[in-house]
Amino acid sequence: MGVYASKQTDPVAPTLFTPQSKIEFSQALLSQLEDVSELEYSRKEYAEKAIEQKISTRLAELEVETLRKFKDTLNDSLKPDSEEKSDGLSSKELSTKLQDLQSKLESFKKLEQDKKEKFELDNKDGARSKLTECLLKNKGKPLNCIEEISEFKKFMENK
């Protein structure tokens with residue numbers, strides 16, 4: 001017979017039970033099984049709502065904190081120059097920087113106006129004016145004006 005007297009089974013392993021008689025499930029049991037899936041769905045919804053609530057609470061806290069910091073910064077910036085911190089700008093420095101930016105903006109506007117005047121957009125029939133108008137409308141996208149470019153090339157060859 002050998003070392004082992006009989007085949008040993010694992011006490012933890014489940015055994016498969018196959019009944020010999022026919023088993024019929026009642027309608028009540030089947031409805032309870034369906035309710036389990038609905039219960040899991042409602043648990044899932046409840047968990048999602050709880051997460052959404054936590055997120056909205058945290059966002060509200062962050063909003064309050066941000067508004068508080070903004071008000072503090074605003075109040076600090078409205079203090080007179082003598083009380084101002086060393087890392088901030090004084091109102092005089094800020095106004096000079098603002099004036100510099102305004103003068104640069106005006107010079108860019110003037111440069112753009114000079115470009116338009118240089119190409120004389122008054123003559124709408126010419127190939128050059130059509131090309132210029134198309135390029136100005138499609139700034140940074142010259143491929144949108146392929147037809148106008150080909151007309152302008154023909155116009156320049158005929159000159």
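This is a predicted model: local features need pLDDT of at least 70, side-chain atom pairs count only at pLDDT 80 or more; totals for chains, interfaces and linings use all residues.
1. Confidence. The protein has a mean pLDDT of 78. Of its residues, 77% reach 70 or more. Helix H2, residues 91-118, has the highest confidence, at a mean of 86. Helix H3, residues 127-137, has the lowest, at 80.

2. The disulfide. The structure holds 1 disulfide. Its partners are cysteine 134 and cysteine 145, with an S to S distance of 1.9 Å.

3. Handedness and burial of the disulfide. The torsion about the S-S bond of cysteine 134 and cysteine 145 is about -90 degrees, and the disulfide is therefore left-handed. Cysteine 134 has a relative accessible area of 10% and is buried. For cysteine 145 the value is 0%, so this residue is buried as well. The cut-off for buried is under 20% relative accessible area.

4. Side chains of opposite charge can pair when their charged atoms come close. The structure holds 5 salt bridges.

5. Glutamate 61 and arginine 58. Glutamate 61 is partly exposed, at a relative accessible area of 43%. Arginine 58 is also partly exposed, at 45%.

6. Glutamate 65 and lysine 69. These side chains form a salt bridge with an N to O distance of 3.4 Å. The two residues are 4 residues apart in helix H1, so the separation is about one helical turn. Glutamate 65 has 33% relative accessibility and counts as partly exposed. Lysine 69 is partly exposed too, with a relative accessible area of 45%.

7. Arginine 68 and aspartate 72. Here the salt bridge has an N to O distance of 3.6 Å. Both residues lie in helix H1, 4 residues apart, which is about one turn of the helix. Arginine 68 counts as partly exposed at 45% relative accessibility. Aspartate 72 counts as partly exposed at 38%.

8. Lysine 153. This residue lies in helix H4. Its relative accessibility is 53%, so lysine 153 counts as exposed, the cut-off being over 50%. In sequence, lysine 153 and arginine 128 are 25 residues apart. In space, the C-alpha to C-alpha distance between lysine 153 and arginine 128 is 9.4 Å.

Terms used: Residues are numbered from 1 along each chain as its sequence is written. Side-chain values use heavy atoms; hydrogens and water are left out. pLDDT is the predictor's confidence in each residue, from 0 to 100. A disulfide is a pair of cysteine sulfur atoms within 2.5 Å. Buried means under 20% relative accessible area, exposed over 50%, partly exposed in between (1.4 Å probe, protein chains only). A salt bridge is a side-chain nitrogen of Lys or Arg within 4 Å of a carboxyl oxygen of Asp or Glu.
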